[in-house]
Amino acid sequence: MNRLKGVANAIDATNDWIGRSLSWLTLGMVLVSFVVVLLRYIFGLGSTILQESIVYMHATVFMACAGYALVHNGHVRCDIFYGSASLRTKSIIDIVGAFLFLIPMCVLIGWVAWPYAAASWAVLEGSPEGRMGIPAVFLLKTLIVVFAGLLALQAVALVLQSALLLAGVTSSRGRLDDDGGRST
């Protein structure tokens, strides 16, 4: 049982590290947006690469940090039942929700996105703006597969932690609990 808890905690730590590391891209988006506006309206210059870099940074933060959001209970839930439920009831809801909705959705997205990203890699797809844009659309499309993988991994961690709580092995899930503090 400690091994399962270790696996769940390792997945949590991985997604937490990815989210904290990539969160710096949000500062990059603000700074690059400022530069784009400054260049456009003060100097009358435009830069397709700078504008596309904002899209790349936003996509990276949004797609690669989905697992981070789940670690920290940042995803939207219908709190009709969940909000006032006990920790055991929340664990049951999380397990059922993960198996019925979250994991199948991640598998479907990964299944559909894999050939889409592979086809893009096969030709090293570049920007529709040609030489003026970032020649790495294939990396952007790969983020869809990364999204599905990291979110599915976090779903596995959620199921493991909830199952360990229901089995009485732990008194809390390793994620952020309702009190906002990190549990062990």
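**Salt bridges, burial and a pocket**

Tutor: Aspartate 16 and arginine 20 meet through their side chains in a salt bridge, 2.9 Å from N to O. The model is predicted, so local features need pLDDT of at least 70 and side-chain atom pairs pLDDT 80 or more, while totals for chains, interfaces and linings use all residues. Numbering runs from 1 along each chain as its sequence is written, and side-chain values use heavy atoms, with hydrogens and water left out.

Student: Why is the contact of aspartate 16 and arginine 20 called a salt bridge?

Tutor: The term requires a side-chain nitrogen of Lys or Arg within 4 Å of a carboxyl oxygen of Asp or Glu. Arginine 20 and aspartate 16 are 2.9 Å apart, N to O, so the pair meets the rule. Side chains of opposite charge can pair when their charged atoms come close.

Student: What separates aspartate 16 and arginine 20 in helix 1?

Tutor: They are four residues apart in helix 1 (residues 2-22), which means about one helical turn. Helices here are DSSP runs of H or I with at least four residues, strands are runs of E with at least two, and both are numbered from the N terminus.

Student: How do you know whether aspartate 16 counts as buried or exposed?

Tutor: Buried means under 20% relative accessible area, exposed means over 50%, and partly exposed lies in between (1.4 Å probe, protein chains only). Aspartate 16 has 17%, so it counts as buried. Arginine 20 has 48% and is therefore partly exposed.

Student: How many salt bridges does the rule give?

Tutor: The count comes to two. Lysine 141 and glutamate 125 also meet in a salt bridge, at 2.7 Å from N to O. This pair links distant parts of the chain, 16 residues apart, with lysine 141 in helix 7 and glutamate 125 in the loop between helix 6 and helix 7. Lysine 141, at 13%, counts as buried, and glutamate 125, at 26%, is partly exposed.

Student: What makes the largest pocket a pocket, and what is its volume?

Tutor: On a 1 Å grid over the protein atoms alone, a pocket is an open set of points with protein on both sides within 12 Å along at least five of seven lines, whereas in a cavity a 1.4 Å probe fits but cannot get out. The largest pocket has a volume of about 410 Å³. Its lining has 16 residues, and the closest to its centre are Val76, Arg77, Asp94, Gly97 and Leu102. A lining residue has an atom within 4 Å of a point.

Student: Which helix supplies the largest share of the lining of the largest pocket?

Tutor: Helix 6 does, with seven residues. Helix 5 (79-82), helix 6 (87-122) and helix 7 (137-166) each supply at least two.

Student: What classes of residue make up the lining of the largest pocket?

Tutor: There are 12 nonpolar, two polar and two charged residues. Ala, Val, Leu, Ile, Met, Phe, Trp, Tyr, Cys and Pro count as nonpolar, Asp, Glu, Lys and Arg as charged, and the others, Gly among them, as polar.

Student: How do you know that valine 159 is buried or exposed?

Tutor: Valine 159, found in helix 7, has a relative accessible area of 12% and is therefore buried. Across the protein, 38% of the 184 residues count as buried.

Student: How many helices and strands are there?

Tutor: There are seven helices and zero strands. The C-alpha atoms fill a box of roughly 65 × 35 × 30 Å along the principal axes.

Key: Grid points are joined across faces, edges and corners, and a volume is the space filled by probe spheres set on the points.
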